[in-house]
Amino acid sequence: MWPDTRLLELFGIELPIVQAPMANATAVDMAVAVANAGGLGSFPCAALTDDKVAEGVAAIRSRTNRPINLNFFCHKAAPPDEARDAAWLKRLAPYYAGLGAEMPKLPLKASIVPFTAATCAVVEQLAPAVVSFHFGLPDAALVARVKRAGCKIISSATSLREAQFLAAGGVDAIIAQGAEAGGHRGMFIESDVAAQIGTLALVHEIVNAVRVPVIAAGGIVDGRGTAAAFALGAAGVQIGTAYLNCPEATISPVHRAALAEPDRQTVITNVLSGRPARSILTRFVREQGPLNEAIPNYPLATPALLPLRAKAEAKGSGDFSLLWAGQSRAPSRNLGAGVLTKALADEGLAELRRLASR
């Protein structure tokens, strides 16, 4: 028995394992596999149009009736700044010349869009069990509409201040996203990357300050990490990097190869998208970052790189790729996402029992 079952009861799931909703890295197959295994499968929607969200949910529901989580970004769209974007493209010109790639034309076009009233209407029709947000919360009126649709709401906090804001905003659970986590930092109040703290310290702080269940995220890839999170008061864990090794992951071959490198390093960088995110260290990140104030506004740094990424990946290189990954190296298990979910839960329970018997 898990020491805290609030998350299981809240979401109607069997295992306190949340699959991280990693845009462009996971999709329908991953969400279905995790949900059918008893965890909370997540479907990333930030890079999808509203009709594609509905299409994806229909595909998921044709294969499972278990609870699922739809994830959206709720960043504030930055005003256009073509001068800034042009200056960045000029900075990248030597890379384009070296690869023989065609530089994108201005204005740069975003593929990641924030949560809107129109998207909210789609969510109301779909009424998933859980809706999660990254970069804070949308407007209070939209949050209220999602809750009236019967959805539980969760969001990521990277600090105690952010967690307290989310709790006051009516979330049903908080994801404590430690600095070890791969992908985009969920920062929305905080701005100093150097002040971001680790998962265990963050979980401890947030658990002591809020009443809603806390989900630990960042650096958790096995049963020991899960047990550590529960020992500090978490009611569940969110796992991302470990799932990237599963066949259901939709990452590129160069991303899979980079994850398998024995000496891989990760850094928090903003040069790949325009916001801080943890990625495997690549040539581009090393030469232009990790952090650079000259970048285009989020998310326009990504389309500025797309032609370079395509050219390099065609040659087997990840020099310009978005190789999101957490600090902890996931064991090489070669398991499907459903089997991995059950294994992570079994290992976590076994470790908790071992600690209790000492």
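**Rings, charges and strands**

Q: What makes Arg275 count as lying over the face of Tyr298?
A: In this predicted model, Arg275 lies 5.7 Å from the ring centre of Tyr298, over its face. The cut-off for a charge over a ring is within 6 Å of the ring centre. So 5.7 Å passes.

Q: Why are Phe73 and Phe135 called an edge-to-face pair?
A: By the pairing rule there are 11 aromatic pairs. In the pair of Phe73 and Phe135, the centres are 5.0 Å apart and the planes make 70°.

Q: What does the pair of Phe73 and Phe135 tie together?
A: Phe73 belongs to strand S3 (residues 68-73). Phe135 sits in the loop between strand S4 (130-134) and helix H6 (140-148). The pair therefore links parts 62 residues apart in sequence.

Q: How do you know whether Phe73 and Phe135 are buried or exposed?
A: Compare each with the cut-off: buried means under 20% relative accessible area. Phe73 has 7% relative accessibility, so Phe73 is buried. Phe135 has 4%, so Phe135 is buried.

Q: Why is the pair of Phe284 and Phe320 called tilted?
A: Their ring centres are 5.8 Å apart and their planes stand at 45°. Stacked needs under 30 degrees and edge-to-face needs over 60, so 45° is tilted.

Q: Which parts does the pair of Phe284 and Phe320 tie together?
A: Phe284 lies in helix H11 (residues 283-288), and Phe320 in the loop between helix H12 (301-314) and helix H13 (337-357). These parts are 36 residues apart in sequence. Phe284 is buried at 0% relative accessibility, and Phe320 is buried at 1%. Trp88, Tyr95, Phe284 and Phe320 form one aromatic cluster.

Q: How do you know that both faces of strand S8 are covered?
A: Val214 and Ala216 are buried on one side of S8 (residues 214-217), and Ile215 and Ala217 are buried on the other. Side chains alternate between the two faces in a regular strand.

Q: What makes strands S6 and S8 a pair?
A: Pairing needs at least two bridges. S6 (residues 173-177) and S8 are joined by 4 bridges and run parallel, so they pair.

Terms used. Residues are numbered from 1 along each chain as its sequence is written. This is a predicted model: local features need pLDDT of at least 70, side-chain atom pairs count only at pLDDT 80 or more; totals for chains, interfaces and linings use all residues. Side-chain values use heavy atoms; hydrogens and water are left out. Rings of Phe, Tyr and Trp (its six-membered ring) pair if their centres lie within 6.5 Å; planes under 30 degrees apart count as stacked, over 60 as edge-to-face and the rest as tilted. Helices (H or I, at least four residues) and strands (E, at least two) are DSSP runs, numbered from the N terminus. Buried means under 20% relative accessible area, exposed over 50%, partly exposed in between (1.4 Å probe, protein chains only). A charge sits over a ring if NZ of Lys or CZ of Arg is within 6 Å of the ring centre and within 35 degrees of the ring normal.
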